[in-house]
Amino acid sequence: MFSISGLNNEQRKAADTIEGPVLILAGAGSGKTRSITYRMANMVENYGLDPKTILAVTFTNKAAREMKERVTGLLGKKKSKGITLSTFHSLALKILRAEIEKLGYSKNFTIFDTADQMSLIREALNSYQGEKSFDRKSILAQIGKLKSAGISSEEFSRTDNFNTDLDYDLATEHCYQFYTDKMKFYNVIDFDDIILLTVKLFKLYPEIAEKYSRRYQYIMVDEYQDTNQLQFSMILGLTSTHNNLCVVGDDDQSIYSFRGADITNILNFEKHFSGCTVIKLEENYRSTEPILNLANNVIKENKRRKEKSLRTSNTEGISPVLWKCADTDHEAQTIVEEITKFQSSGGHLSNMAVLVRSTTQFPALEDQLRISMVPYVLVGGQKFYERKEIKDVLAYLSIMHNPKDEIALRRILNVPSRGIGAKTLEKYLDLAKEKNIHLYNAFKDCPGLDPKKEKCISAFVDLIEEFKQKIASAPLEHGIKDLIERLNFHTYIDGFYKQKKQANRRKEDLARLVESAERFTKFFGESAKLRNFVEKMILQDTPDKDESSASDDNIRKNEVTLMTLHSSKGLEYDHVFLVGMEEELLPHKKSITQGDDIEEERRLAYVGLTRAKLRMVMTYACERKIYGRDLKRFPSRFLATISNDLYQNIDKNSFSDLSEEEVKTYKKNFFDDLISKIDV
DNA sequence: GGTTATTATTTTTTT
DNA sequence: AATAATAACC
């Protein structure tokens, strides 16, 4: 018998209300994950439900893996194995893999990431006869919005969203049409399509929705405040034969509206699912009272939120502080100094996190951490597969799997250079257009279009065909390794990056790619298909070796975590540095100038503050380098509304916070440093 | 056709 | 400051 008696009253109610719709409003640190993992264990152990009927959807693959671990801890490997724990995208992709042919795509479709989308939009704009130059990004954003609102490219011009007088709308219409047509022709889909097509499938073939709905009798959705309209429709499909839907979320932590997250999903849940049980978790087990008071004081300024009061019985604690620093480097230095102090007093670095609003804040912090030789791990920021050299190799793999993917083909057509330049490409594009065939087939069928180039082109086509065979017959990692060697990619990198350090870094990345392919084949064995590998790379669904070893012995590495506020959601640390509490960073400049949602920025600050268990250190710099210029900076408006007794102001730029002894050492070190520099 | 120099442009956050 | 896009050169 599995016991849920370790939970408080509300948590127990959450874990023990199994049938029908349930809304769990879980404040920060209120034991949300604990409640839902217990809920799953409770369902299996005490209600005798088949684990195979349980589906839990999380926001990131990382969160899914973490939850899986915790459920396994409660249920054991055998029973937890049946439970499906996945993201919306992974789940939808699984469905599409089985059913996409019904929508006129073939099964070997590939996935476009944002960079691929951008190149397609560029193509679209090139073929557009507008006088003005348009911003690709905002056009793509507009298309994304239309897609998630369910408006097709044909419908767009007939909706209220469309204004004939606006140049941008006309351009968008052209691009949207161009984009949709090409995507289909290339047999590729984008991130939005993964959900969109699944929803379309559910609508056109209700029996498919029913099939999955019957399979997943009990559905849980984590971080419900960050779901968008499409995901909501997908949920409707999945619950078409029952209403056992349990969603968990906190409207105060909704921070993804830029990606279409719709906060009304959680605010209106009770309307969407009548007769639902509402459970509020308001007891905070994470932070001490001083930290919680500060966080509550920040978030209470938001107008659009459900009133709630987070409380804690943990009344004793260190007062949060705000450090005033001179500039970006001084800020980083001061933080790293504090970290080394903590380290030398015997603290474990896994208990510390440094949180930032923007990834541009990373380099300064990383520099200081490296100088002081503090081990750290980066979360968020540029994705591994987005690095140029990785994308290049993945592009080769993509066209082996889906030769219609013209964007991938053009990406590597002359990388490394093999004498197929812009002129040749143009000729073949014309040929392909004229014969209405795919670009790759044009190369394959007519290598001698330009006799001077015949050799280059046949060599290229042969290479692709050869490796297509090779990769299908040998373990994936061998194929990739051989490909990198055959292409002389290392030499290419040496030529491209003049600095040796940079070049070596890129080569290490390639080695990492081979390693991750190796882990992939090890894990999936015979069914380790090229396509799944590329897919998993793009969806960030590749547990790296750090994580797997950590789960093996369950020892957290002795390193500081450096990450964006967005990726910190759901995590907690004893000591947290919230870096850059200043205007134009938090709230971000874009949200100020575009009159965008300041409330979301405030929620972001709230998320950051509520990560801390024991100590909160906020910092800001009086001067920061932006576009290579030093600009004056000011403390965040979010601090202005807070009464002074809730945090302590410390001026790190003067000696006022140091003891006499510390000032002495500081000055001595300063002069020693100076002298050593003069010596050299 | 390829390489290099010059100029423009950028910075939110992520599946 | 760093990178991408473009122009000018070989």
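# Getting to know a predicted protein–DNA model

Ser80 sits in helix α4, which covers residues 77-80.

User: Hi! Before we go on, what kind of model is this?

Analyst: Hello! This is a predicted model.

User: Thanks. Back to Ser80, then: buried or exposed?

Analyst: Ser80 is buried, because its relative accessible area is 2%, and the cut-off for buried is under 20%.

User: And which residues does Ser80 contact, leaving aside its neighbours within four places in sequence?

Analyst: Those are Lys68, Val71, Thr72 and Leu75.

User: Let's switch to the DNA. Which residues are around DNA strand C?

Analyst: Arg122, Arg136 and Lys388 are the residues around DNA strand C. For Arg136, a polar side-chain atom lies 3.2 Å from a phosphate oxygen of DNA strand C.

User: How many residues surround DNA strand B?

Analyst: DNA strand B has 28 residues around it, and the closest are Arg357, Thr359, Gly419, Lys423 and Lys590. Of the atoms of DNA strand B that come within 4 Å of the protein, sugar and phosphate account for 57%.

User: How do the residues of the surface near DNA strand B divide into nonpolar, polar and charged?

Analyst: That surface has 6 nonpolar, 15 polar and 7 charged residues.

User: Which part of Lys423 lies 3.0 Å from a phosphate oxygen of DNA strand B?

Analyst: For Lys423, a backbone N or O atom lies at that distance. With Thr424, a polar side-chain atom is 3.2 Å from a phosphate oxygen of DNA strand B.

User: New topic: the inside of the protein. How many residues does the largest nonpolar core have?

Analyst: The largest nonpolar core has 93 residues, and Leu397, Phe460, Ile480 and Phe533 have the most contacts inside it. Helix α18 (residues 388-401) gives the largest share of this core, with 8 residues. Another core lies apart from it, with 38 residues, among them Ala605, Leu609, Met616 and Tyr647. As a general rule, nonpolar side chains in soluble globular proteins tend to be buried together.

User: What is Ile480 in contact with, beyond four places in sequence?

Analyst: Leaving out those neighbours, Ile480 contacts Val393, Leu397, Leu513, Val514, Ala517 and Phe533.

User: And where is Ile493?

Analyst: Ile493 belongs to helix α24, residues 489-496. Ile493 counts as buried because its relative accessibility is 2%. Not counting residues up to four places away in sequence, Ile493 touches Glu389, Ala503, Arg506, Lys507 and Leu510. Ile493 and Arg506 are 13 residues apart in sequence, with 7.3 Å between their C-alpha atoms.

User: Now helix α15. How many of its residues are buried?

Analyst: Helix α15 (residues 289-299) is mostly covered, with 8 of its 11 residues buried. They are Pro290, Ile291, Leu292, Leu294, Ala295, Asn297, Val298 and Ile299.

User: What covers the buried residues of α15?

Analyst: The cover includes α30 (598-609), β14 (612-626) and α31 (637-640).

User: In what sense do β14 and β15 pair?

Analyst: β14 and strand β15 (residues 629-632) pair in the antiparallel sense over 4 bridges. Ile626 has Arg629 in β15 as its bridge partner. The two strands form a hairpin with 2 residues between them, and Tyr627 in the turn has a positive phi of about 50°.

Methods
Residues numbered from 1 in each chain as written. Chains lettered and ligands numbered in written order. Predicted model: local features only at pLDDT ≥ 70, side-chain atom pairs only at ≥ 80, totals over all residues. Heavy atoms only, no water. Near = heavy atom within 4 Å. Polar contact = N/O pair within 3.5 Å; in protein donor to acceptor, adjacent residues only side chain to side chain. Nonpolar A, V, L, I, M, F, W, Y, C, P; charged D, E, K, R; others polar. Buried < 20%, exposed > 50% of the residue type's maximum accessible area, 1.4 Å probe, protein only. Contact = heavy atoms within 4.5 Å. Core = buried A, V, L, I, M, F, W, Y, C linked by side-chain atoms within 4.5 Å. Pairing = 2+ DSSP bridges.
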